[in-house]
Amino acid sequence: MVGIRAAVITIPLVVGVLGAPAVPAVPAAAEGLTCRGAGVDPAAQVRYRTETVIDAPLGVIWRLQTDVDRWPSWQQPVTSAERLDHGRFRAGSAFRWTTPVPPGTGIPATALDITSTVRQVEQGACIRWTGPAVGEGVHIDGVHVWRFAAVKGGGVKVSTEETHTGPQVDADVPVATAILKAGLDGWLTALKAAAEAQASGRTPAPRS
């Protein structure tokens, strides 16, 4: 039987790059993030929120975050990503993406298959999506909120909060929360690097 520490080690690959430089966490007492009045799962035991400032135009950051098909080009753990609808990124948009389970976890070689559905979105301001991550011996239900706000003096503050529920994560909340932290910090680090490189002209802009 796969133990909780083996099972939840897959979680950071759902949300970002494991082992990236840490991003300062928001104090636990901070009010939860929302998009159009909806937030993360209030009953979830596994929860993490963090933020960073990105020195790039909001439009560049927004395109990177919402151009799901191109996620593998700047998020190393994302092996495939596909929009399941077409046109404007909107409430009801859905996307399917995969990431491998790393070796040494005790879980048979497989991939996590994530299907996310956008529930709320406000252009250039916030996104909220939900959906399951499923792999052999693992099922995680996630709710993820993103907020984007211009910073006085330049740059954009990107804030994110996510909750996880499921038998594996609920069985060891401290470990699951620590791994969720690593994943979200990694996602922000990757987004910051990609956006700032693009803004400085070091990488080409994505196709519109």
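A disulfide here is a pair of cysteine sulfur atoms within 2.5 Å. I kept that cut-off in hand while going through this model, which is predicted.

**Cysteines.** I looked for sulfur pairs and got 1 disulfide by that rule. The bond runs from Cys35 to Cys126, with S to S at 2.1 Å. What does the pair tie together? Cys35 sits in the loop between helix H2 (12–15) and E1, while Cys126 is in strand E5, so the link connects parts 91 residues apart in sequence. I then checked the torsion about the S-S bond: it is about 65°, so I noted the disulfide as right-handed. Buried or exposed? Cys35 is buried at 0% relative accessible area, and Cys126 is buried at 0% too.

**Sheet.** Next I traced the strands. There are 7 in an open sheet, ordered E1-E7-E6-E5-E4-E3-E2, and the pairing is antiparallel. Strand E1 (46–54) and strand E2 (80–83) are the edges, each pairing on one side only. From one strand to the next, the twist averages 20°. Ala81 has Trp97 of E3 as its bridge partner.

**Helices.** Which strands does helix H5 lie across? I found H5 (residues 173–199) across E1, E3, E5, E6 and E7, running at about 20° to E1. In helix H3 (residues 58–66), I listed the buried residues as Val60, Ile61, Trp62, Leu64, Gln65 and Thr66. These buried H3 residues pack against E1, E4, E5, E6, E7 and also H5.

Terms used:
Residues are numbered from 1 along each chain as its sequence is written. This is a predicted model: local features need pLDDT of at least 70, side-chain atom pairs count only at pLDDT 80 or more; totals for chains, interfaces and linings use all residues. Side-chain values use heavy atoms; hydrogens and water are left out. Two strands pair if DSSP finds at least two bridges between them. Helices (H or I, at least four residues) and strands (E, at least two) are DSSP runs, numbered from the N terminus. Axes are lines fitted to C-alpha atoms, for helices over the stretch in contact, and angles run from 0 to 180 degrees between N-to-C directions. Contact means heavy atoms within 4.5 Å. Buried means under 20% relative accessible area, exposed over 50%, partly exposed in between (1.4 Å probe, protein chains only).
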